[in-house]
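Keep the structure open beside you as you read.

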Amino acid sequence: MIRSTPALHSHDAPLPEAFQEHLDALLAACRAKLGDVDEAMVERAFQLGYRAHIDDKRASGEPYFTHPIAVAFIVVNEIGFDDVSVAAALLHDVVEDTEFSLDYIRAQFGGEMATIIDGLTKISGVFASRATGQAENVRKLMLSMASDIRVILVKFADRLHNMRTLGALSPRKQLKIASETLDLFAPLAHRFGLFTIKSELEDLSLKYLDPQSYYRIVTGLQETKESRQAYVNSFINPLSNELERQGLRFKMYGRPKHIYSIYRKMRRQSKPLEEIYDLFAIRIVLESTGKKGKEDCWRVYSIITDLYTPLPERFRDMLSVPKSNGYQSLHTTVLGPEGRRVEVQIRTEEMHEIAERGVAAHWMYKEGVNESDKRMEQFLSWVRDLIENPRPEEATDFVRDFRLNLYDKEIYVFTPNGDVKTLPEGATPVDFAFQVHTEVGFHCIGAKVNGKMVPLSYLLKSGDQVAIITSKKQTPNPDWIKFVVTHKAKSRIRHWVNEERRKATERGRELWEKKARKAGISLDEQMLHRYAGQLKFPSVSQLLYEAGTGQFDLDELVHVAKKGKVESEEAAGDGQSGSLLEFERFLDIAQTTRKTAMLIDGELQTDIKIEYAPCCNPIPGDDVFGFVSRTGIIKIHRKNCRNARHLFVNHAERIKSIEWSRQKDVQFVSGLRIVGEDRVGIASDITTVISKSLKTNIRSLNIEANDGVFESRVLLNVSDLKHLERVIQRIKRVKGIFGVYRFEE
């Protein structure tokens, strides 16, 4: 926008003829589309918008106020919410771009309008940056959405008009705006059920991002329009005759698929346009309503499948279980004339309005205030969940999580009580558990799908019935974050991991304070920060965290603090063993380390001090790596250890390649968590299998039972991974066992 300082003309000055015509047309559209309209409010908003932008120009050279007018028409004709939304569209840039303040808007139009304009002002340019700073802008967007849904509806209209007039901008700006539109605005419009706007945003984005493909598809559709219409008629005519014969009132037509969906299909199938046959869908919209409307949809489906052969695998019932954005319809694909596949969509007029205009149509079709409020809550529940969620440590995580909530394809799964849960395609039992309740997710130890035990990473399908098995002792596994797909699951797991890090840091501080008192050392925070830096730690908190998790030996810090300087790791390793400090350190290490033969970086080593990490309890046969501690000990971790990713990312230079050497008659301690049905004799059966059948020594065993589920933790001596796997497989065959897992201390 090209701006000059706005001149504040009199409110009573008449509008120029062209703008008066725009106002008259807008009021007429409001009367036709919105029902009850406060025309005086809309006219005052129009007058103020005109005065505020009177000297402003668009990049095209047009008066700037033509843009708010166009946005208002989109709100009326293509969204159709209410008169306040129309007035907000006329004023949406006033506070940001002119000298009129939010207080002035509040005084003239009230608090409701001020809230919407404030929301629109705050999210202006919300997606202007893809840097980590974008996270706070996305949060502002969601806060505004949660405060009043009209904020995002007007923003959709604003973005749609900007896309329609994108040609006036430079190619660089075109690519930037088209990319952010396709990346976030179009999926967000889909999430709110605004199919018409979503489709146009996608098509216009493609026009600028890949103009060659866009125009090739447009030209191809134009060239085949006549033959396509002839085929549609040959399909529709016999069906239309039969529907009329059975007394149904309907509209039926062939709807071309929008350009971007054809483009995606071409890319997905690696085929040219000529080989894509389902370029259109037949849509049947019934005039019947309510319960009869649903019954008629099923009648029509029956008639279609009598006339044409259905493809069962392509049938989708979104009538009984609507999508999360309110979409309802029956979809089926049949073999039409010439054996061509034809998609047919069946819905009522009300379902059609909701399918095209989403949340706005819900508002228009409300069955009383309570029903409307309930539907609005469904639309905004995921927004509020994001807002109320603890902030992720990384801003980029927040933006990524926001995108996760814009998923297109959904599945519908059932609780044991028959309640429906909507999840994105690719969801797992862990996602389901968190969807039920955060506590269920935290304590999830297993899952049954359709009555059978499945891994927690199992990919759920529509129609699955899922039962989650929980244990009060279970806590989230950081590895879950690798396969969960919902924002709620990812953010809750991430928050738990961060909280555990905080606790480990506090534990490290407590250990340090105890060590310092024993050694007679007193360090203020500044000195602690200095020594942390000299020990190559980025911060004191990182030092304390590694101390709390056992990755760093605090004796090193004691040693440095006593000498008043930092020695190199080599010098520290060659320190005088006769000193009290070095002798105490030796005693501590001797209790937790052993000398053994290992292949380290491909070479056999026989005198290296090693330590088996208690976080994952590796045993021979496990895929492992070595981590060189600051004291020179090599700690052996399993590659799937929950700490592995952190160590690889942050301390790659201290990682060693490790292979097990052959050792005879060496026993390792391993632990199992066993979950099963709480029945009489199950503990005896388990111990018999381990001790007598497999001749394996049990070091300790404890058992707890709760709500019919029993859980046992067993420590046992094994020689290697194969030995442990034999134990696990044999325990799984015990009657009533749900699952057997290695546990990490």
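Helices H12 and H14 are roughly perpendicular to each other. In this predicted model, their axes come within 10 Å and cross at roughly 105°, and angles from 65 to 115 degrees count as roughly perpendicular. On the H12 side the meeting involves Ser 213, Tyr 214, Ile 217, Val 218 and Leu 221, while H14 brings Ile 259, Ile 262, Tyr 263 and Met 266.

Let's stay with H12 for a moment. This helix runs over residues 211-223, 13 residues in total, and reaches 18 Å from its first C-alpha to its last, close to the 18 Å expected at 1.5 Å a residue. Which of its residues are buried? They are Ser 213, Tyr 214, Ile 217, Val 218, Gly 220 and Leu 221. Viewed down the axis of H12, these buried residues fall within an arc of 165°, so they line one face of the helix. Turned away from the buried side of H12 is a face with the exposed residues Gln 212, Gln 222 and Glu 223. What covers the buried residues includes H14 (259-269), along with helix H11 (195-209) and helix H13 (225-245).

H13 leads us on to another packing partner. Its axis and that of helix H15 (residues 290-307) come within 10 Å and cross at roughly 135°. That makes H13 oblique to H15, and the crossing is right-handed.

Now move towards the start of the chain. The axes of helix H1 (residues 17-34) and helix H3 (residues 66-79) come within 9 Å and cross at roughly 15°. H1 and H3 are therefore roughly parallel to each other, and H1 passes H3 in a left-handed crossing. Here Phe 19, His 22, Ala 25, Leu 26, Ala 29, Cys 30 and Lys 33 of H1 meet Ile 69, Ala 72, Phe 73, Val 76 and Asn 77 of H3.

How many residues of helix H19 (residues 429-436) are buried? Six of its eight are, which leaves the helix mostly covered. The buried ones are Pro 429, Val 430, Asp 431, Phe 432, Ala 433 and Phe 434.

Two loop residues also deserve a look. Glu 338 has a positive phi of about 70° although it is not a glycine. You will find Glu 338 in the loop between strand S5 (330-335) and strand S6 (341-348), where it is exposed, with a relative accessible area of 69%. Asn 450, also not a glycine, has a positive phi of about 55°. Its loop joins strand S9 (444-449) and strand S10 (452-454), and Asn 450 is partly exposed, with a relative accessible area of 47%.

Finally, zoom out to the whole protein. There are 29 helices and 22 strands, and buried residues make up 50% of the 745 residues. Among contacts with a separation of 6 or more, 66% are between residues 24 or more positions apart.

Conventions
Residues numbered from 1 in each chain as written. Predicted model: local features only at pLDDT ≥ 70, side-chain atom pairs only at ≥ 80, totals over all residues. Heavy atoms only, no water. Helix = DSSP H or I, 4+ residues; strand = E, 2+ residues; numbered from the N terminus. Expected span 1.5 Å × (residues − 1). Buried < 20%, exposed > 50% of the residue type's maximum accessible area, 1.4 Å probe, protein only. Arc of directions from axis to C-beta. Contact = heavy atoms within 4.5 Å. Axes fitted to C-alpha atoms, helices over the stretch in contact; angles between N-to-C directions. Parallel < 35°, antiparallel > 145°, perpendicular 65-115°, else oblique. Left-handed = near helix turned anticlockwise from the far one by under 90°.
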